[in-house]
Amino acid sequence: MSEYFPSSEFEQTGQEMHALMASLYPICRSITGDGFRASLRILQQHIPLEIHEVPTGTQVFDWNVPNEWNIRDAYICDPHGNKVVDFKQSSLHILQYSQPMHCRMPLAELKKHLFSIPEQPDWIPYRTSYYKENWGFCLPHRVLETLPEGEYEVCIDASLEPGSLTYGEYMLQGESEDEVLISCHSCHPSLCNDNLSGMALAIFLAKWVSQVKRHYTYRFLFIPGTIGSITWLALHQQEAQRIRHGLVVACVGDSGNLVYKKSRQGNAEIDQAVLQVLKDSGVEYRILDFIPYGYDERQYCSPGFNLPVGSLTRTPHGEFPEYHTSGDNLDFVRPHALVDSLSKYKQVLELLEANQVYVNTNPFCEPQLGKRGLYSLIGGRKGTEQIEMAVLWVLNYSDNEHSLLDIARISAMPFSTIREAAHALLEKGLLVRRK
Ligand code: ZN
(Lines give C-alpha, C1' and ligand atoms only; values in the text may rest on other atoms or scores of the structure.)
Protein backbone atom coordinates (compact mmCIF):
# COMPACT_ATOMS: atom_id res chain seq x y z
CA MET A 1 0.00 0.00 0.00
CA SER A 2 2.96 2.33 0.51
CA GLU A 3 3.30 2.26 -3.26
CA TYR A 4 0.08 4.26 -3.40
CA PHE A 5 0.43 6.54 -0.40
CA PRO A 6 3.52 7.74 1.36
CA SER A 7 2.63 7.14 5.02
CA SER A 8 1.86 10.75 6.00
CA GLU A 9 -0.34 11.22 2.94
CA PHE A 10 -1.89 7.84 3.70
CA GLU A 11 -2.83 9.00 7.17
CA GLN A 12 -4.09 12.35 5.99
CA THR A 13 -6.35 10.77 3.38
CA GLY A 14 -7.84 8.49 6.04
CA GLN A 15 -8.54 11.49 8.25
CA GLU A 16 -10.15 13.38 5.36
CA MET A 17 -12.39 10.40 4.55
CA HIS A 18 -13.41 10.21 8.19
CA ALA A 19 -14.07 13.96 8.31
CA LEU A 20 -16.36 13.68 5.25
CA MET A 21 -18.29 10.95 7.05
CA ALA A 22 -18.55 13.13 10.16
CA SER A 23 -20.12 15.93 8.10
CA LEU A 24 -22.71 13.50 6.66
CA TYR A 25 -23.35 11.64 9.91
CA PRO A 26 -26.06 13.79 11.56
CA ILE A 27 -28.27 13.99 8.45
CA CYS A 28 -31.44 11.87 8.38
CA ARG A 29 -31.13 10.18 4.99
CA SER A 30 -33.74 7.84 3.62
CA ILE A 31 -34.49 6.31 0.22
CA THR A 32 -36.04 9.64 -0.82
CA GLY A 33 -36.24 13.15 0.58
CA ASP A 34 -34.30 16.21 1.56
CA GLY A 35 -31.77 14.32 3.72
CA PHE A 36 -30.60 12.43 0.64
CA ARG A 37 -30.40 15.69 -1.36
CA ALA A 38 -28.51 17.50 1.41
CA SER A 39 -26.00 14.63 1.48
CA LEU A 40 -25.44 14.80 -2.29
CA ARG A 41 -24.86 18.55 -2.00
CA ILE A 42 -22.07 17.88 0.51
CA LEU A 43 -20.58 15.35 -1.92
CA GLN A 44 -20.74 18.01 -4.64
CA GLN A 45 -18.16 19.99 -2.70
CA HIS A 46 -15.76 17.18 -3.59
CA ILE A 47 -16.76 16.08 -7.09
CA PRO A 48 -19.12 17.63 -9.70
CA LEU A 49 -21.87 15.12 -9.10
CA GLU A 50 -25.01 15.39 -11.21
CA ILE A 51 -28.21 15.17 -9.21
CA HIS A 52 -31.16 13.38 -10.87
CA GLU A 53 -34.80 13.32 -9.74
CA VAL A 54 -37.22 10.54 -10.76
CA PRO A 55 -40.89 11.35 -10.03
CA THR A 56 -42.97 9.34 -7.57
CA GLY A 57 -45.05 6.74 -9.38
CA THR A 58 -42.55 6.14 -12.19
CA GLN A 59 -42.74 2.47 -13.02
CA VAL A 60 -39.35 0.78 -12.77
CA PHE A 61 -39.66 -2.87 -13.77
CA ASP A 62 -41.92 -4.52 -11.17
CA TRP A 63 -41.68 -1.54 -8.79
CA ASN A 64 -42.86 2.06 -8.59
CA VAL A 65 -40.87 5.01 -7.30
CA PRO A 66 -42.42 5.54 -3.83
CA ASN A 67 -43.78 8.68 -2.23
CA GLU A 68 -41.17 11.07 -0.92
CA TRP A 69 -40.67 11.08 2.84
CA ASN A 70 -39.46 14.12 4.72
CA ILE A 71 -39.15 14.48 8.45
CA ARG A 72 -38.71 17.65 10.45
CA ASP A 73 -39.17 16.51 14.05
CA ALA A 74 -40.40 13.57 16.12
CA TYR A 75 -40.58 12.89 19.84
CA ILE A 76 -42.32 11.01 22.64
CA CYS A 77 -43.20 12.72 25.92
CA ASP A 78 -43.90 10.63 29.03
CA PRO A 79 -46.89 11.29 31.35
CA HIS A 80 -44.81 13.92 33.20
CA GLY A 81 -44.02 15.81 30.02
CA ASN A 82 -40.38 14.62 29.76
CA LYS A 83 -39.10 13.98 26.25
CA VAL A 84 -38.03 10.35 26.49
CA VAL A 85 -37.28 9.92 22.78
CA ASP A 86 -36.12 12.86 20.67
CA PHE A 87 -35.41 12.60 16.92
CA LYS A 88 -33.17 15.68 17.22
CA GLN A 89 -30.77 13.61 19.37
CA SER A 90 -30.41 10.84 16.74
CA SER A 91 -31.88 10.33 13.30
CA LEU A 92 -32.12 6.62 14.14
CA HIS A 93 -34.94 7.24 16.64
CA ILE A 94 -37.62 7.33 13.96
CA LEU A 95 -38.89 4.31 12.05
CA GLN A 96 -38.09 5.35 8.47
CA TYR A 97 -41.16 6.24 6.41
CA SER A 98 -43.28 6.78 9.55
CA GLN A 99 -46.64 8.41 8.84
CA PRO A 100 -47.15 11.89 10.27
CA MET A 101 -49.14 11.96 13.50
CA HIS A 102 -49.70 13.82 16.75
CA CYS A 103 -51.76 12.16 19.47
CA ARG A 104 -51.86 10.76 23.00
CA MET A 105 -52.00 7.10 23.92
CA PRO A 106 -51.38 4.72 26.83
CA LEU A 107 -47.99 3.03 27.16
CA ALA A 108 -49.39 -0.40 26.18
CA GLU A 109 -50.60 1.01 22.86
CA LEU A 110 -47.38 2.94 22.27
CA LYS A 111 -45.23 -0.13 22.92
CA LYS A 112 -46.61 -1.78 19.75
CA HIS A 113 -44.69 0.90 17.86
CA LEU A 114 -41.41 0.85 19.81
CA PHE A 115 -38.36 -1.05 18.56
CA SER A 116 -35.36 -1.99 20.67
CA ILE A 117 -32.75 -4.76 20.90
CA PRO A 118 -32.86 -6.57 24.28
CA GLU A 119 -29.46 -8.22 23.61
CA GLN A 120 -27.85 -4.84 22.93
CA PRO A 121 -29.68 -2.66 25.45
CA ASP A 122 -27.58 0.51 24.89
CA TRP A 123 -27.94 0.76 21.13
CA ILE A 124 -30.72 2.29 19.03
CA PRO A 125 -31.77 -0.06 16.21
CA TYR A 126 -32.26 1.13 12.62
CA ARG A 127 -35.68 0.14 11.27
CA THR A 128 -37.61 0.98 8.12
CA SER A 129 -41.13 0.53 6.78
CA TYR A 130 -40.83 1.79 3.22
CA TYR A 131 -43.57 -0.20 1.57
CA LYS A 132 -46.01 -0.80 4.45
CA GLU A 133 -47.89 2.06 6.13
CA ASN A 134 -46.73 2.25 9.73
CA TRP A 135 -45.17 4.52 12.29
CA GLY A 136 -42.75 3.90 15.10
CA PHE A 137 -39.76 4.84 17.21
CA CYS A 138 -36.46 3.09 17.86
CA LEU A 139 -34.75 3.39 21.21
CA PRO A 140 -32.26 1.68 23.52
CA HIS A 141 -33.85 -1.24 25.36
CA ARG A 142 -32.57 0.22 28.63
CA VAL A 143 -34.70 3.33 28.05
CA LEU A 144 -37.74 1.33 26.97
CA GLU A 145 -37.65 -0.66 30.21
CA THR A 146 -37.79 2.44 32.38
CA LEU A 147 -40.86 4.02 30.74
CA PRO A 148 -43.55 4.61 33.40
CA GLU A 149 -47.21 3.64 32.91
CA GLY A 150 -49.54 6.43 31.84
CA GLU A 151 -50.51 8.46 28.83
CA TYR A 152 -47.87 9.51 26.31
CA GLU A 153 -47.73 12.31 23.75
CA VAL A 154 -46.47 11.10 20.38
CA CYS A 155 -45.50 13.54 17.63
CA ILE A 156 -44.16 12.79 14.14
CA ASP A 157 -43.84 15.97 12.09
CA ALA A 158 -43.27 14.35 8.71
CA SER A 159 -44.71 14.29 5.20
CA LEU A 160 -45.19 11.30 2.94
CA GLU A 161 -46.45 12.47 -0.42
CA PRO A 162 -45.65 12.50 -4.16
CA GLY A 163 -42.22 13.95 -4.89
CA SER A 164 -39.24 12.16 -6.36
CA LEU A 165 -36.42 9.72 -5.86
CA THR A 166 -33.03 11.43 -5.94
CA TYR A 167 -29.71 9.95 -6.99
CA GLY A 168 -26.24 11.26 -7.78
CA GLU A 169 -24.13 10.33 -10.78
CA TYR A 170 -20.58 11.21 -11.80
CA MET A 171 -19.24 10.17 -15.20
CA LEU A 172 -15.58 10.29 -16.20
CA GLN A 173 -15.08 9.68 -19.88
CA GLY A 174 -12.18 7.45 -20.91
CA GLU A 175 -10.74 6.45 -24.32
CA SER A 176 -13.27 3.64 -24.50
CA GLU A 177 -17.05 3.57 -24.15
CA ASP A 178 -16.62 0.43 -22.04
CA GLU A 179 -17.52 1.27 -18.48
CA VAL A 180 -16.45 0.59 -14.94
CA LEU A 181 -19.31 1.02 -12.45
CA ILE A 182 -18.77 2.03 -8.84
CA SER A 183 -22.09 1.97 -6.98
CA CYS A 184 -22.89 2.77 -3.36
CA HIS A 185 -26.16 2.98 -1.49
CA SER A 186 -26.42 6.33 0.24
CA CYS A 187 -29.81 6.06 1.97
CA HIS A 188 -28.98 5.20 5.57
CA PRO A 189 -29.34 7.79 8.34
CA SER A 190 -26.66 8.09 11.04
CA LEU A 191 -24.83 4.84 10.29
CA CYS A 192 -21.15 4.78 9.43
CA ASN A 193 -19.72 1.50 8.21
CA ASP A 194 -22.99 0.77 6.41
CA ASN A 195 -23.17 3.14 4.48
CA LEU A 196 -21.21 6.38 4.98
CA SER A 197 -17.88 4.57 4.57
CA GLY A 198 -18.88 3.50 1.06
CA MET A 199 -19.88 7.03 0.12
CA ALA A 200 -16.58 8.44 1.41
CA LEU A 201 -14.57 5.78 -0.41
CA ALA A 202 -16.43 6.35 -3.69
CA ILE A 203 -15.79 10.10 -3.44
CA PHE A 204 -12.05 9.74 -2.84
CA LEU A 205 -11.78 7.06 -5.50
CA ALA A 206 -13.59 9.33 -8.00
CA LYS A 207 -11.25 12.22 -7.22
CA TRP A 208 -8.28 9.97 -7.93
CA VAL A 209 -9.78 8.49 -11.13
CA SER A 210 -10.45 12.04 -12.38
CA GLN A 211 -6.69 12.71 -12.29
CA VAL A 212 -5.39 9.61 -14.04
CA LYS A 213 -5.28 8.60 -17.72
CA ARG A 214 -8.24 6.35 -18.37
CA HIS A 215 -8.90 3.59 -20.86
CA TYR A 216 -12.32 2.93 -19.37
CA THR A 217 -15.18 5.34 -18.79
CA TYR A 218 -16.12 5.45 -15.12
CA ARG A 219 -19.60 5.82 -13.68
CA PHE A 220 -20.07 6.52 -9.99
CA LEU A 221 -23.60 6.09 -8.62
CA PHE A 222 -24.84 7.33 -5.25
CA ILE A 223 -28.28 5.77 -4.99
CA PRO A 224 -30.85 4.66 -2.43
CA GLY A 225 -30.44 0.92 -1.76
CA THR A 226 -32.51 -1.53 -3.85
CA ILE A 227 -35.06 0.93 -5.31
CA GLY A 228 -32.17 3.15 -6.50
CA SER A 229 -30.38 0.47 -8.50
CA ILE A 230 -33.69 -0.87 -9.81
CA THR A 231 -34.63 2.66 -10.92
CA TRP A 232 -31.25 3.35 -12.53
CA LEU A 233 -31.25 0.00 -14.36
CA ALA A 234 -34.85 0.44 -15.55
CA LEU A 235 -34.06 3.87 -16.99
CA HIS A 236 -30.62 2.95 -18.44
CA GLN A 237 -30.94 -0.49 -19.96
CA GLN A 238 -28.76 0.45 -22.95
CA GLU A 239 -26.05 2.08 -20.86
CA ALA A 240 -25.99 -0.93 -18.53
CA GLN A 241 -24.78 -3.07 -21.43
CA ARG A 242 -21.55 -1.03 -21.52
CA ILE A 243 -20.60 -2.05 -17.97
CA ARG A 244 -17.53 -4.28 -18.24
CA HIS A 245 -16.58 -4.29 -14.56
CA GLY A 246 -18.38 -3.12 -11.46
CA LEU A 247 -18.06 -2.97 -7.69
CA VAL A 248 -20.65 -2.24 -5.02
CA VAL A 249 -18.99 -0.33 -2.18
CA ALA A 250 -20.13 -0.64 1.46
CA CYS A 251 -18.76 -1.52 4.91
CA VAL A 252 -15.20 -0.42 4.14
CA GLY A 253 -14.33 1.34 7.41
CA ASP A 254 -14.26 -1.32 10.15
CA SER A 255 -11.02 -2.92 11.23
CA GLY A 256 -11.79 -6.39 9.85
CA ASN A 257 -9.99 -7.91 6.86
CA LEU A 258 -11.20 -7.42 3.31
CA VAL A 259 -13.94 -9.68 1.96
CA TYR A 260 -14.84 -10.01 -1.71
CA LYS A 261 -18.22 -11.26 -2.83
CA LYS A 262 -17.95 -12.47 -6.41
CA SER A 263 -20.26 -11.44 -9.21
CA ARG A 264 -22.94 -13.90 -10.30
CA GLN A 265 -20.72 -14.76 -13.28
CA GLY A 266 -18.16 -15.93 -10.73
CA ASN A 267 -15.06 -15.73 -12.90
CA ALA A 268 -15.47 -12.36 -14.58
CA GLU A 269 -12.39 -10.18 -15.06
CA ILE A 270 -13.45 -8.07 -12.04
CA ASP A 271 -13.56 -11.23 -9.91
CA GLN A 272 -10.08 -12.25 -11.04
CA ALA A 273 -8.75 -8.71 -10.62
CA VAL A 274 -9.94 -8.35 -7.02
CA LEU A 275 -8.65 -11.84 -6.16
CA GLN A 276 -5.23 -10.94 -7.56
CA VAL A 277 -5.03 -7.65 -5.62
CA LEU A 278 -6.04 -9.38 -2.38
CA LYS A 279 -3.60 -12.23 -2.97
CA ASP A 280 -0.75 -9.82 -3.77
CA SER A 281 -1.48 -7.78 -0.61
CA GLY A 282 -0.10 -10.58 1.58
CA VAL A 283 -2.84 -9.90 4.14
CA GLU A 284 -5.57 -12.38 5.04
CA TYR A 285 -8.83 -12.02 3.15
CA ARG A 286 -12.00 -13.96 2.38
CA ILE A 287 -13.78 -14.75 -0.87
CA LEU A 288 -17.52 -15.39 -0.96
CA ASP A 289 -19.50 -16.81 -3.84
CA PHE A 290 -22.41 -14.77 -5.16
CA ILE A 291 -25.67 -15.12 -3.28
CA PRO A 292 -28.87 -13.27 -4.27
CA TYR A 293 -28.89 -11.36 -0.98
CA GLY A 294 -26.88 -8.36 0.13
CA TYR A 295 -26.62 -4.91 -1.47
CA ASP A 296 -27.29 -3.60 -4.97
CA GLU A 297 -25.22 -6.34 -6.62
CA ARG A 298 -28.50 -8.28 -6.30
CA GLN A 299 -30.02 -6.02 -8.94
CA TYR A 300 -26.94 -5.66 -11.17
CA CYS A 301 -26.57 -9.45 -11.07
CA SER A 302 -30.26 -10.24 -11.60
CA PRO A 303 -30.47 -12.80 -14.43
CA GLY A 304 -31.78 -10.31 -17.01
CA PHE A 305 -28.66 -8.17 -16.58
CA ASN A 306 -26.11 -10.60 -15.10
CA LEU A 307 -23.50 -7.83 -15.04
CA PRO A 308 -19.95 -8.48 -13.86
CA VAL A 309 -20.46 -6.64 -10.57
CA GLY A 310 -18.99 -7.87 -7.29
CA SER A 311 -18.75 -6.28 -3.87
CA LEU A 312 -15.53 -5.52 -1.99
CA THR A 313 -16.10 -4.83 1.71
CA ARG A 314 -14.39 -5.34 5.01
CA THR A 315 -16.67 -7.15 7.51
CA PRO A 316 -19.85 -7.88 5.53
CA HIS A 317 -23.28 -6.62 6.64
CA GLY A 318 -24.82 -8.66 9.41
CA GLU A 319 -21.47 -10.06 10.59
CA PHE A 320 -20.67 -7.23 13.02
CA PRO A 321 -22.92 -6.69 16.05
CA GLU A 322 -23.00 -2.91 15.46
CA TYR A 323 -24.68 -3.47 12.05
CA HIS A 324 -27.90 -1.43 11.69
CA THR A 325 -27.60 0.02 15.19
CA SER A 326 -26.29 3.23 16.74
CA GLY A 327 -23.15 1.22 17.56
CA ASP A 328 -22.16 1.68 13.90
CA ASN A 329 -20.95 5.20 14.67
CA LEU A 330 -17.96 7.42 13.93
CA ASP A 331 -15.79 5.54 16.45
CA PHE A 332 -16.53 2.20 14.82
CA VAL A 333 -14.94 3.26 11.52
CA ARG A 334 -11.21 3.96 11.55
CA PRO A 335 -9.23 6.22 9.19
CA HIS A 336 -6.54 3.58 8.61
CA ALA A 337 -9.14 1.01 7.56
CA LEU A 338 -10.86 3.51 5.24
CA VAL A 339 -7.64 4.42 3.48
CA ASP A 340 -6.52 0.78 3.27
CA SER A 341 -9.82 -0.07 1.56
CA LEU A 342 -9.37 2.91 -0.76
CA SER A 343 -5.90 1.77 -1.75
CA LYS A 344 -7.22 -1.72 -2.61
CA TYR A 345 -9.94 -0.21 -4.80
CA LYS A 346 -7.30 1.89 -6.57
CA GLN A 347 -5.15 -1.17 -7.12
CA VAL A 348 -8.11 -3.03 -8.61
CA LEU A 349 -8.80 -0.17 -11.05
CA GLU A 350 -5.10 0.13 -11.92
CA LEU A 351 -5.01 -3.58 -12.60
CA LEU A 352 -8.06 -3.40 -14.87
CA GLU A 353 -6.52 -0.47 -16.76
CA ALA A 354 -3.22 -2.33 -17.20
CA ASN A 355 -4.67 -5.73 -18.01
CA GLN A 356 -3.84 -5.99 -21.70
CA VAL A 357 -3.30 -8.93 -23.97
CA TYR A 358 0.06 -8.72 -25.76
CA VAL A 359 1.67 -10.61 -28.60
CA ASN A 360 5.26 -11.83 -28.48
CA THR A 361 6.96 -10.48 -31.64
CA ASN A 362 9.65 -13.17 -31.42
CA PRO A 363 7.69 -16.37 -30.75
CA PHE A 364 10.10 -18.87 -32.31
CA CYS A 365 12.31 -19.84 -29.37
CA GLU A 366 13.31 -17.35 -26.71
CA PRO A 367 14.74 -14.04 -27.89
CA GLN A 368 18.27 -13.27 -26.73
CA LEU A 369 17.56 -10.94 -23.86
CA GLY A 370 21.14 -10.05 -22.97
CA LYS A 371 21.78 -8.79 -26.50
CA ARG A 372 18.93 -6.32 -26.10
CA GLY A 373 20.21 -5.05 -22.78
CA LEU A 374 17.17 -6.41 -21.05
CA TYR A 375 19.13 -7.99 -18.23
CA SER A 376 21.15 -4.83 -17.69
CA LEU A 377 17.91 -2.84 -17.73
CA ILE A 378 16.43 -4.86 -14.97
CA GLY A 379 19.57 -6.19 -13.32
CA GLY A 380 21.39 -5.08 -10.22
CA ARG A 381 18.37 -4.45 -8.07
CA LYS A 382 16.35 -6.27 -5.47
CA GLY A 383 13.99 -8.83 -6.89
CA THR A 384 15.98 -9.11 -10.13
CA GLU A 385 15.56 -12.84 -10.37
CA GLN A 386 11.82 -12.50 -10.01
CA ILE A 387 11.70 -9.94 -12.82
CA GLU A 388 13.78 -12.22 -15.06
CA MET A 389 11.35 -15.04 -14.40
CA ALA A 390 8.45 -12.69 -15.10
CA VAL A 391 10.03 -11.71 -18.44
CA LEU A 392 10.10 -15.37 -19.45
CA TRP A 393 6.51 -15.92 -18.35
CA VAL A 394 5.27 -12.85 -20.20
CA LEU A 395 7.14 -13.78 -23.39
CA ASN A 396 5.83 -17.32 -23.30
CA TYR A 397 2.20 -16.52 -22.66
CA SER A 398 1.83 -13.35 -24.73
CA ASP A 399 0.20 -15.40 -27.43
CA ASN A 400 -2.68 -13.13 -28.41
CA GLU A 401 -4.89 -14.90 -25.87
CA HIS A 402 -3.58 -14.61 -22.32
CA SER A 403 -3.87 -11.28 -20.53
CA LEU A 404 -1.29 -10.06 -18.01
CA LEU A 405 -3.74 -11.08 -15.28
CA ASP A 406 -3.88 -14.61 -16.72
CA ILE A 407 -0.09 -14.70 -16.73
CA ALA A 408 0.10 -13.50 -13.11
CA ARG A 409 -2.28 -16.29 -12.14
CA ILE A 410 -0.51 -19.01 -14.13
CA SER A 411 2.93 -17.96 -12.90
CA ALA A 412 1.73 -17.32 -9.31
CA MET A 413 3.64 -14.03 -9.46
CA PRO A 414 2.43 -10.59 -8.27
CA PHE A 415 0.63 -8.60 -10.95
CA SER A 416 2.99 -5.64 -10.44
CA THR A 417 6.00 -7.82 -11.33
CA ILE A 418 4.31 -9.19 -14.45
CA ARG A 419 3.32 -5.67 -15.48
CA GLU A 420 6.86 -4.39 -14.98
CA ALA A 421 8.25 -7.20 -17.12
CA ALA A 422 5.71 -6.47 -19.85
CA HIS A 423 6.67 -2.79 -19.90
CA ALA A 424 10.35 -3.66 -20.25
CA LEU A 425 9.58 -6.02 -23.15
CA LEU A 426 7.34 -3.44 -24.82
CA GLU A 427 10.12 -0.88 -24.74
CA LYS A 428 12.41 -3.34 -26.50
CA GLY A 429 9.85 -4.15 -29.15
CA LEU A 430 9.50 -7.76 -28.03
CA LEU A 431 5.79 -7.30 -27.32
CA VAL A 432 3.00 -5.49 -29.11
CA ARG A 433 -0.55 -4.89 -27.95
CA ARG A 434 -3.16 -7.21 -29.42
CA LYS A 435 -4.89 -5.49 -32.30
ZN1 ZN B 1 -27.89 -1.38 5.52
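**Close-up views of a predicted model**

**Figure 1. The loop holding Asp62.** Asp62 sits in the loop between β2 (59-60) and β3 (63-64); helices (H or I, at least four residues) and strands (E, at least two) are DSSP runs, numbered from the N terminus. The structure is a predicted model, in which local features need pLDDT of at least 70 and side-chain atom pairs count only at pLDDT 80 or more, while totals for chains, interfaces and linings use all residues. Residues are numbered from 1 along each chain as its sequence is written, and side-chain values use heavy atoms, with hydrogens and water left out. With a relative accessible area of 72%, Asp62 is exposed; the classes are buried under 20% relative accessible area, exposed over 50%, and partly exposed in between (1.4 Å probe, protein chains only). From Asp62 to Ile230 the C-alpha to C-alpha distance is 9.1 Å, although the two are 168 residues apart in sequence.

**Figure 2. The whole chain, for orientation.** The chain has 14 helices and 19 strands. Its C-alpha atoms fill a box of roughly 95 × 40 × 35 Å, taken along the principal axes. Of its 435 residues, 58% count as buried.

Figure 3. Asp194 is buried, its relative accessible area being 0%.

Figure 4. The peptide bond joining Asp194 and Asn195 is cis, with omega about 20°. Most residues other than glycine have a negative phi, and most peptide bonds are trans. Asn195 is also part of helix α5, and at 1% relative accessibility Asn195 counts as buried. The Asn195 side chain reaches the backbone nitrogen of Cys187 at 3.1 Å. Such a polar contact is a pair of N or O atoms within 3.5 Å; within protein, one must be able to donate a hydrogen and the other to accept it, and residues adjacent in sequence count only if both atoms are side-chain atoms.

Figure 5. From its first C-alpha to its last, α10 reaches 28 Å, close to the 28 Å expected at 1.5 Å a residue; the expected span is 1.5 Å times one less than the number of residues.

**Figure 6. Two residues with positive phi.** Thr226, in the loop between β12 (217-223) and α6 (227-235), has phi near 60°. Thr226 is partly exposed at 26% relative accessibility. Ala412 has phi near 55° and lies in the loop between α13 (404-411) and α14 (415-427). At 59% relative accessibility, Ala412 is exposed.

**Figure 7. The four-stranded open sheet.** The strand order is β5-β4-β9-β6, with antiparallel pairing; two strands pair if DSSP finds at least two bridges between them. β5 (83-86) and β6 (101-106) are the edge strands, each pairing on one side only. β6 runs antiparallel to β9 (residues 151-161), joined by six bridges. Across this pair, Arg104 stands opposite Glu153 in β9.

**Figure 8. The partners of β17.** Strand β17 (residues 357-360) pairs with β18 (residues 399-403) in the antiparallel sense over two bridges, and Val357 stands opposite Ser403 in β18. β17 also pairs with β19 (residues 431-433), again in the antiparallel sense, over three bridges. There Tyr358 stands opposite Arg433 in β19.
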